Amino acid sequence: MGFADAHLTPLVDEGLGNSAYLVDLGDGRALAVDAGRDLRALHAAARRLGLTVAYAADTHLHADFLSGAVQLGHDTGATVLASAAGRRLFPHRGLADADEVDLGGLRLRALATPGHTDEHLSFLLLDGDREVGVFTGGSLIVDSAARTDLLGSERTEELARAQYRSLRRLATLSEETEVWPTHGAGSYCSAPTGVERTTTIGAQKHTNPLLAAPDEDAFVRLLVASLGSYPAYFERLGELNRRGPAVLTGVPPLPALDAGRVRALLADGGQVVDVRPAAEFAAAHIPGALAIPLREQFATWLGWLLPDTVPLVFVTGDGQDLEEIVWQAYKIGYERLAGHLAGGMPAWPAAGGATATTAFVTADRAPDGPYLDVRQEVEYATGHVPGAVHIELGDLAEHAADAPAGAVVACGRGERAMTAASLLERAGRTDMTVLDGGPAEYAAAHGKALEDGDR
């Protein structure tokens, strides 16, 4: 049994594609690494294992989620460990390259590994002189490395070259050293191709194409070519994490609001987010509402498509978890949550409110006409309907005029397509049909063969 099997608990946020880690230090204390603001799973794991979090380490100033380190300091008295170069504005132990922290039998050594961010540290866990594992954050990840364009396009190449040096440094660790990255499949901070979230140094030296690059220039070309789009909120969270998120003393409320109060909020610049399943939104919704079905990826699309500066009202369906809405919003810094429509969607027309509908059909009932694909570039390239117009969902609000008239709007299953249709409806485009399914079903129903390639 390896160290990780006995002492390491990964805590995966499937929606954001990230992993936090809880390390049992063997004496009732624990180390938490890259914990997010939603600490429900971490606290539950600590209680189950009888552990108290004594240290909370952050590998870098995260762009895709708010750190839970400050909250852990409040909740458990944990000492926050982070790069001194990050200039964080809250109590923490600032570490520089080669600094070590005595964890009581184990040691944690800071390794400067810039690239994903300037102040990025990896944390090497040592048992005596044995290199047990390394928390690599956004440097070395499974078969890839995290993106280097979050600080602006003008610095992308510079940081990619720093990432090259950081990965080469990590590759000098013993081949048996376990690699515990933060970013993984599904994270917009990275571009991994597989589903594995942990690995070893030896495995990466054999399988990671970036480590196989013959020189620095080839590495940079390969890494930069893998960079796709990322959510707009990424540009805000690094500074919020530097300042430190506000400490929460409980679950923030999401009060019930009657239809009159919702109307007043909308008149004052608020926005409605309908979190019901796509089919329920299609059947009836508040005109102008943005459809973002509540699922693991909810936070990503909330942060990509809406500002964090306006009050948000949520329309929910039967049995949907209000706390889940709150935590998904709060973990990316969205705190202006005005409330939810009391009584759900039926309360809106009952109070005299207008409703709208959206056509939502299976592939066999979809028209054989213009096709709008709103998936990410990498998804589109792996197989798309011939002649499809491709506009990523994150870009659609700015390019609504480019959507073909009367198009079938599609993604992989239907959720993002319904979000896309709601954006188009807000822009006055009400002639769309949303596909309940993906390109393979549509192509089969219409006697077409999927094409691959970017365009």
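Which residues of helix α2 (residues 40–49) are buried? The points below start there.

1. **Basis of the model.** This is a predicted model: local features need pLDDT of at least 70, side-chain atom pairs count only at pLDDT 80 or more, and totals for chains, interfaces and linings use all residues. Residues are numbered from 1 along each chain as its sequence is written, and side-chain values use heavy atoms, with hydrogens and water left out.

2. **Helix α2, the buried side.** The buried residues of α2 are L42, A45 and A46. Buried means under 20% relative accessible area, exposed means over 50%, and partly exposed lies in between (1.4 Å probe, protein chains only). Helices (H or I, at least four residues) and strands (E, at least two) are DSSP runs, numbered from the N terminus. An α-helix has 3.6 residues a turn, so residues three or four places apart point the same way.

3. Contact here means heavy atoms within 4.5 Å. On the face turned away from the buried side sit the exposed residues R47 and R48. G50 follows α2 and has a positive phi, near 70°.

4. **Two residues with positive phi that are not glycine.** D34 has a positive phi of about 55°. D34 lies in the loop between β3 and α2. D34 is buried, with a relative accessible area of 2%. D143 has a positive phi of about 60°. D143 belongs to the loop between β11 (140–141) and β12 (144–145). At 26% relative accessibility, D143 is partly exposed.

5. **The open sheet.** Five strands form an open sheet, in the order β15-β19-β18-β16-β17, with parallel pairing. β15 (256–257) and β17 (290–291) stand at the edges; each has a single partner strand, so one side of each is left without a neighbour in the sheet. Two strands pair if DSSP finds at least two bridges between them. Strands β18 (residues 312–315) and β19 (residues 337–341) run parallel and are joined by three bridges. In this pair, L312 stands opposite L337 of β19.

6. P287 sits in the loop between α9 (278–283) and β17. P287 is partly exposed, at 43% relative accessible area. Leaving out residues up to four places away in sequence, P287 touches A354, T355 and A356. The C-alpha atoms of P287 and T357 are 8.6 Å apart, although the two residues are 70 places apart along the chain.

7. **T199 in β14.** T199 is in strand β14 (residues 199–200). T199 is buried, at 13% relative accessibility. Its side chain makes a polar contact of 3.2 Å with the side chain of Q204. A polar contact is a pair of N or O atoms within 3.5 Å; within protein, one must be able to donate a hydrogen and the other to accept it, and residues adjacent in sequence count only if both atoms are side-chain atoms. Not counting residues up to four places away in sequence, T199 touches V142, T177, E178, V179 and Q204.
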